[in-house]
Amino acid sequence: MFISRKSLSRSVHDEHQEQQELVETRGGNLCTSVTVWRKSLIVTCKGFTVIDSNGNLVYRVDTYVGGRPMELVLMDGSGKPILTMRRSTNLRLVGTWLIYGGEVGEFCTSEKPVFYVKKSINILNANSNVLAYVYRRSSDKRYAYVIEGSYSHRSCKVLDETKRVVAEIRPKDALKRGISFGLEVFVLIVQAGFDPGYAMGLVLLLDQMFS
């Protein structure tokens, strides 16, 4: 059973366009800006619904209610899987999620992850602002990306090795026409050159780690 996204689209559409224009003007570079709704379109599921500035569905996640899953699948607007994320069961990779391209089978020994995302443990980390590290290989000592900020406040940045911001989560904190969006609806901004799908995959893992 599906719920309508029309009410959400109408509520955020105008403001999202205004925010997108500000982002592009401020940075001087083209970027992708989408609105993330922390709710599945299917009543019996929990997940995420992601729409663009025209109100079009671009990504979705639907998982059955009942605890934190060991696997998440990010789909495009038509329901085609584009990323699979699995919690690692390897004791050496405690607190690590593996990101695979597309949909993988139950036993994916032949598939190699695109990224390894490891939750930061603040007790061992002098920089408490760091949420997670993203590696290309499990054996890498140097991270490819680092995620900083506060997911609980929907204020995070994904930075590459040169400390350049490639993606950013911002709260949709405006109160417009009597509608307060709260923390369930927020904005994901992705700079040119970084895959929006991967950026959304990182959002999903932050939600698993810090919600």
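**View 1. The largest nonpolar core holds 38 residues in this predicted model.** Met85, Ile147, Leu188 and Met200 have the most contacts inside this core. A nonpolar core here is a set of buried Ala, Val, Leu, Ile, Met, Phe, Trp, Tyr and Cys residues joined through side-chain atoms within 4.5 Å. Buried means under 20% relative accessible area with a 1.4 Å probe, counting protein chains only. α2 gives the largest share of the core, eight residues. In soluble globular proteins, nonpolar side chains tend to be buried together.

Residues are numbered from 1 along each chain as its sequence is written. The model is predicted, so local features need pLDDT of at least 70, side-chain atom pairs count only at pLDDT 80 or more, and totals for chains, interfaces and linings use all residues; side-chain values use heavy atoms, leaving out hydrogens and water.

**View 2. Leu188 and its contacts.** Neighbours within four places in sequence are left aside. Leu188 then touches Thr32, Ser33, Val34, Val36, Glu168, Ile169, Ala199, Met200 and Val203. Contact means heavy atoms within 4.5 Å.

View 3. A cavity is a set of points, on a 1 Å grid over the protein atoms alone, where a 1.4 Å probe fits but cannot get out; lining residues have an atom within 4 Å of a point. Volume is the space filled by probe spheres set on the points, which are joined across faces, edges and corners. The lining includes Ile147, Cys156, Leu188 and Leu206. α2 gives the most, four residues. β10 (155–160) and β11 (165–171) each supply at least two. By class, the lining has 10 nonpolar, no polar and two charged residues. The whole structure has three cavities of 30 Å³ or more.

**View 4. The largest pocket has a volume of about 230 Å³.** Of its 14 lining residues, Arg38, Lys46, Phe48, Asp207 and Gln208 are the closest to the centre. A pocket is an open set of grid points with protein on both sides within 12 Å along at least five of seven lines. β2 (45–51), β3 (57–64) and α2 (196–210) each supply at least two lining residues. Five lining residues are nonpolar, four polar and five charged. Ala, Val, Leu, Ile, Met, Phe, Trp, Tyr, Cys and Pro count as nonpolar; Asp, Glu, Lys and Arg as charged; the others, Gly among them, as polar. Helices (H or I, at least four residues) and strands (E, at least two) are DSSP runs, numbered from the N terminus.

Key:
Buried means under 20% relative accessible area, exposed over 50%, partly exposed in between (1.4 Å probe, protein chains only).
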